[in-house]
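Here is a short briefing on one protein chain. Please look over the sequence and the structure before reading on.

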Amino acid sequence: MNSEHLDYLPLIEGGPMRGYSATRPPCNEVVSIALTAGLSLASSYMSYESSQTAIKQSEYNAQAQSDALAAEQSRQARENEENQRRAVQEQRRFRASQLAAMAGNGAMLGTGSSLAIEADTWAKQQTELADQQRVNDMAQSSLAYQRTNTLQMGRAQAAGMRREATGAAISGLASTAVGAYRSWSTRPQTAA
């Protein structure tokens, strides 16, 4: 009978239960080490691929948030332009009705106090338009900052996840190599 045959398990007295225990032949040991290493490598690869998917999802989410902020910024800009246009029209109507009221009272338009009233009204309206534009510009600037910040945070998060995934992959490979080496170096040696 061949002692290297896979089905042959010699019994050795004094096993863990003080009875007989079987030893594995060296061929099974190599298969076991290779299988363990292969499974460990597959696990490391699947973990790395899962991390890559999470990284892509993180980048996609950051880009989607950035695109939503850009759309909001564009919408607000259009709304601000429309509000500005309406404010200018309203101011023109107000000045026209003011001039009509002064003319109806017999005031000489374009002279003296009527000119001062017209100038004062125009200046107040221009100040209102400038204030409204400043508020609009600040809102646009805030959205632009949020958009840039969102993209930068998404990139930073993805970079951190990449570093962690790479570190975990290297650690998994090293652990597999060390485990395989230990299993190989501590296997039962056959007498030659």
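This is a predicted model: local features need pLDDT of at least 70, side-chain atom pairs count only at pLDDT 80 or more; totals for chains, interfaces and linings use all residues.

**Fold and packing**

- The protein has two helices and two strands.
- Their order along the sequence is β-β-α-α.
- Helix H1 covers residues 26-104, and helix H2 covers residues 112-185.
- The chain has 192 residues, of which 19% count as buried.
- Take the contacts with a separation of 6 or more: 65% of them join residues 24 or more positions apart.

**Confidence**

- The mean pLDDT of the protein is 81.
- A score of at least 70 is reached by 81% of the residues.
- Confidence is highest in H2, at a mean of 88.
- It is lowest in strand E2, residues 20-22, where the mean is 48.
- Residues 1-8 have a pLDDT below 50. Beyond near neighbours in sequence, this stretch makes 10 contacts in the model.

**Gln-125 in helix H2**

- Gln-125 belongs to helix H2.
- Is Gln-125 buried or exposed? Gln-125 counts as buried because its relative accessible area is 6%, under the 20% cut-off.
- Which residues does Gln-125 contact, leaving aside its neighbours within four places in sequence? They are Gln-91, Phe-94 and Arg-95.

**Asn-80 in helix H1**

- Asn-80 is part of helix H1.
- Why does Asn-80 count as buried? Its relative accessibility is 15%, and buried means under 20%.
- With neighbours within four places in sequence set aside, Asn-80 contacts Asn-136 and Gln-140.

**Tyr-45 in helix H1**

- Tyr-45 also sits in helix H1.
- Tyr-45 counts as exposed because its relative accessibility is 52%, and the cut-off for exposed is over 50%.
- Tyr-45 and Ala-168 are 123 residues apart along the chain. Their C-alpha atoms are separated by 9.9 Å.

**Recap**

- Gln-125 is buried at 6% and Asn-80 is buried at 15%, whereas Tyr-45 is exposed at 52%.
- Gln-125 of helix H2 touches Phe-94, among others.
- Asn-80 of helix H1 touches Asn-136, among others.

How values were computed:
Residues are numbered from 1 along each chain as its sequence is written. Side-chain values use heavy atoms; hydrogens and water are left out. Helices (H or I, at least four residues) and strands (E, at least two) are DSSP runs, numbered from the N terminus. Buried means under 20% relative accessible area, exposed over 50%, partly exposed in between (1.4 Å probe, protein chains only). Contact means heavy atoms within 4.5 Å. pLDDT is the predictor's confidence in each residue, from 0 to 100.
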